[in-house]
Amino acid sequence: MIDVDTGSFLLMVLAATVASIAVAVLPRRLAPPVVVVELLLGILIGPQGLGIATVDNFIQFFSNLGLGMLFFFAGYEIDFDRIRGRPLTLGLCGWALSLVLAYGLGGILAAAGVVLSLLYTGSAMATTAMGTLIPVLRDSDELHTRFGTYMLAAGAIGEFGPILLLTLILSTNHPVHEAGILIAFIALALVIAVSSVRLAWRGWPLLERTLEASSQVAVRIAVLLVFSLVALASKLGLDLLLGGFAAGMITRAALRGREVEALESKLTAVGFGFLVPFFFVTSGMNFDLDALTSSVGAMLKVPLFLGLFLVVRGLPAMLLYRGVMDARERMALAVFSATELPLVVAITTIAIQTGHMRSTTAAALVGAAMLSTLIFPFIGLALRRAAPPGASFAPALEPG
């Protein structure tokens with residue numbers, strides 16, 4: 001029988017609820033992203049805060065489900081018809097430049113003895129928390145704007161690229177073997193995608209008919225797809241993030257051309273209303289606050305990494321998008337792109353397990369990522385609100 005710490009579980013649910021209420025009652029311009037409040041409350045109730053809640057296997061299981069759902073939404077929001085052409089090309093070029101900057105700066109830090117591995121530190125700095133940003137962009141009505149199109153493309157590459165790095169290089173000693181497994185996974189995902197698209201068109205009347213019924217066929221199929229691909233990726237030795245991401249992209253392809261507002265609302269309720277908060281509260285509880293506060297040097301790494309996030313992910317936005325955005329839009333894109341968290345947690349966890357990162361460096365990277373999630377979306381939204389009237393809703397450029 002599974003031993004469940006019901007007290008800790010209840011406190012996590014309470015923390016998630018308090019976080020949502022706190023954000024809801026604050027004025028919209030002052031309200032932080034709810035994930036930040038969840039992280040802070042996780043630290044508060046966790047072992048290095050008040051010590052009233054702990055993470056057991058049962059809670060970690062729910063945290064993994066939440067992470068899978070978070071990346072489901074990251075994959076779901078990628079509409080290739082919207083981002084293909086210039087947005088996707090700029091996103092790819094921007095991330096390539098970010099990798100050069102990240103590994104160059106990581107090499108300097110490693111040579112100076114600040115970090116142990118340029119590979120792990122650089123990979124952590126070259127990420128974008130698109131899954132975390134999606135609810136922020138959705139709540140501010142930016143997802144379907146011209147700016148949102150470019151942000152989705154840049155964020156998608158900034159999240160999917162590091163997932164591939166994590167799968168093929170960072171979490172394995174056999175990259176060729178892992179590449180073969182990854183190709184097999186992608187092939188299977190494509191088969192599922194094609195089948196899903198065909199079945200969705202044939203079975204849409206059934207799905208639509210049960211959207212308000214207790215059977216909730218569409219929602220259950222979507223959840224089954226997420227958990228199945230997450231489980232498959234995990235069994236194959238791939239990162240579970242890849243499974244959630246693929247499930248989101250498949251669902252988007254299957255529902256293309258359909259009126260799915262009701263279904264999206266229900267999936268959002270399941271994901272962000274129930275499962276996703278477990279990941280962020282658990283991340284807060286697992287945060288190594290003692291390692292971060294163990295020395296002045298460790299604490300000074302936090303602003304250092306926060307600044308490097310802006311250089312690595314923000315500088316490409318300022319340089320490469322000059323022909324499609326004005327300076328204010330590029331600044332907003334830069335700070336949004338420099339918002340990092342879930343993949344930083346994943347990469348630093350693996351780095352510590354393999355002996356390629358000190359606990360102080362990992363805590364500083366995660367601390368900087370948490371601050372980026374707290375600060376950068378505020379700055380990005382402020383820059384967007386200060387844009388000329390109508391600029392936010394200008395149509396996206398034609399692909400090509």
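Mentor: Before anything else, buried means under 20% relative accessible area, exposed over 50% and partly exposed in between (1.4 Å probe, protein chains only). This is a predicted model, where local features need pLDDT of at least 70, side-chain atom pairs count only at pLDDT 80 or more, and totals for chains, interfaces and linings use all residues. Residues are numbered from 1 along each chain as its sequence is written, and side-chain values use heavy atoms, leaving out hydrogens and water.

Trainee: OK, is Tyr321 buried or exposed?
Mentor: Tyr321 is buried, at a relative accessible area of 3%.

Trainee: And how many aromatic pairs are there in the whole structure?
Mentor: A search finds 15. Rings of Phe, Tyr and Trp (its six-membered ring) pair if their centres lie within 6.5 Å; planes under 30 degrees apart are stacked, over 60 edge-to-face, the rest tilted. Phe62 and Phe278 have ring centres 5.2 Å apart and planes at 45 degrees, so that pair is tilted.

Trainee: Which residues form a cluster with those?
Mentor: Phe9, Phe58, Phe61, Phe62, Phe274 and Phe278 form one aromatic cluster.

Trainee: Switching topic, what's the phi of Gln216?
Mentor: Positive, about 45 degrees, though Gln216 is not a glycine. Most residues other than glycine have a negative phi. Gln216 also counts as buried, because its relative accessibility is 19%.

Trainee: What about Asp141, what's its phi?
Mentor: Also positive, about 60 degrees, and Asp141 is not a glycine either.

Trainee: Last one: where does the charged end of Arg252 sit?
Mentor: Over the ring of Tyr76, 4.5 Å from its centre. That label needs NZ of Lys or CZ of Arg within 6 Å of the ring centre and within 35 degrees of the ring normal.
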